[in-house]
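Here is a quick walk through a few spots worth a look. Have the sequence and the coordinates open as you read.

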Amino acid sequence: MENASPTAGPDRAGSSAERVIEGTSAAPGIAIGTASRYDASAPDIQRTTIDADEVEAEIELLANAVQRAEQELETVRALVPDAAEADTEALLEAQALMLRDEEFLQAVRQRIRERTESAGTAVQSVLETHRKRLETSGDEHLHDRASDLVDLEKRLLRSLRRGKVAVNMEAHSIVVARNLTATDLFRFSRHSLLGCVTAEGGATSHVSIVAKALNLPLVVGVQEVLEAVSSGDPVVLDGYEGRLVVRPQSATVEQYRQRQAEREASPLKDGELEDEKMDDRPVTTTDGRTVTLRANVGLDTELDLLDPYGADGIGLLRTELFFLADGGRTLTEDEQARAYRTVVEATGEAGATIRLLDLGGDERTPRLRTGPPEDNPFLGWRGLRALLDRPDELLRPQLRALLRANRHGALRVLLPMVTDPEEVRRVRAIIDEEVDRLAAEGVAYDPDLPLGIMVEVPAAAVQAHAFAEHVDFFSIGTNDLTQYVLAVDRGNERVGAGYDALHPAVLGLILRVVEAGRMAGCPVEVCGEIAGDVQAVPVLLGLGVDTLSVAPQHLPAVQRIVRALGYEEAKGLAREILQVTDAETARRRAREWVDTHVSSSST
Ligand code: PEP
Ligand code: MG
């Protein structure tokens, strides 16, 4: 907030000084409340006993944990390859049976009720008794089964811990953590949390994308936050400016309340732009070049934003978030077909680009992940590699669901993390097979499904010309492209200063893709976060990009800037920036250009 004082004196009401700590804005919005510290690694089921009035809550916690563990087992079992040893299957089956064993559950509930043991302790005690019985049974088979119980115990305790973390979160608080995952955000959001602030993390990480989709203000990279804030401290989180105010003075709180009320009353405008119509399309530059502006969507709740924000359909739907929002389980083909139908019907003629599951990397859907942990997950079992590795489990059902939903509108399919044209060829072959199967099964579908790739691996950008003959469109994912080109982890705040998609090396690759697309008549759009950055938009347009896909909240600002700039002049800016060798100079030049070429009311 412009006039929040960074070093104000003591509040009239309290004794400690207000403190303003700067970070990086990762999702907009203002949150005013008390801090709640969250430590993902804290052993929060250590408590062994509970108070008598907590018994029923503890039993509910147990029931939820059992349910979560059952779902987890179901997912794991679905992912066990057919060829896996019968032992694995038997082990999982035994765990599932135990979770449904009323005698076991009754014994746990009894300990909670009669001995006021915490759910975790009661589970451990009951399983310990079982284990001893099996070990001393004299039966070799039963003796072996004893060790299976260790796995079950771990699973249940983990599940209890997850539930407990969420339950312990004070509703209407602001979460303070070292780092968060997208899964954490989904869990928190069910507890009406107001916002989150982390010591680490980057502005284009997946967690920031999820926070935007959930409408949860998020500020990352507030390095001192863990030292400066304790649970219960009053705080104001400013997700617009990337700032946290600790123990704010009453006047500061009042200023933020006003600002919050203004935003709520008029979320699309900035006060001075009252007359603007967001859906006045087409959006053209001052010299008449039309620019298509689409929306990046992660949750079905965001579909309601498309019209008010004037989006030309969806340019990127991250389907892994649909899975994550449902607890991270595998959605069935039917469930997916229904979900994609809702999406495509909401976008009308403009249609929707649906990206196939992008697993891996920053642990987008940990429950769908299989195999051993990886040292470099961003360079590992991720995106299309994972899908092609196990096509029957995730790829085929998703493609079938898309072919079916396509009957109700105009879908496009987007492949994540593509490196080699051969991968595209393999997907096309699988689509053909599924088309034949749907036809043979008499299931209705529409095979007219344009296929595009995310250009986010440098190899795909460098060889865009080779991909052009295999694909119907390119969508440049600058979030990943930047981290791979600059070798800077997009989620690592320590090196965050070196992460900027406006780096000329990244821009050079974007130009290369634009040119390859132009030669082959293959449309190119940009869907990484840079497309919603008003300083970068003139540069992207100047490079020849004419379609941008951005988070709905960024659309108004992007529309304003496109309408206020001249394409021919933007080409000059792009040429100039391609000559520099570092992101800092490129960004400074882009900022100056916007300041001088675009009237201030437009930015
Ligand atoms: C990207 O990498 O730029 C992108 C749009 O995809 P995601 O942020 O989901 O990795
Ligand atoms: Mg990506």
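## A leucine in a loop

Leu 543 counts as buried, at 4% relative accessibility (buried means under 20% relative accessible area, exposed over 50%, partly exposed in between, with a 1.4 Å probe and protein chains only). Leu 543 is found in the loop between helix H19 (537-542) and strand E17 (547-550); helices (H or I, at least four residues) and strands (E, at least two) are DSSP runs, numbered from the N terminus.

What is Leu 543 in contact with, leaving aside its neighbours within four places in sequence? The list is Leu 507, Ile 510, Leu 511, Val 514, Ala 574 and Leu 578, where contact means heavy atoms within 4.5 Å. From Leu 543 to Leu 578 it's 35 residues in sequence and 9.5 Å in space, C-alpha to C-alpha.

## About the model

This is a predicted model, where local features need pLDDT of at least 70 and side-chain atom pairs count only at pLDDT 80 or more, while totals for chains, interfaces and linings use all residues. Residues are numbered from 1 along each chain as its sequence is written, chains are lettered from A and ligands numbered from 1 in the order in which they are written, and side-chain values use heavy atoms, with hydrogens and water left out.

Glu 456 sits in the loop between strand E14 (451-455) and helix H15 (458-462), and Asp 480 in helix H17 (residues 478-486), so the pair, 24 residues apart, links distant parts of the chain.
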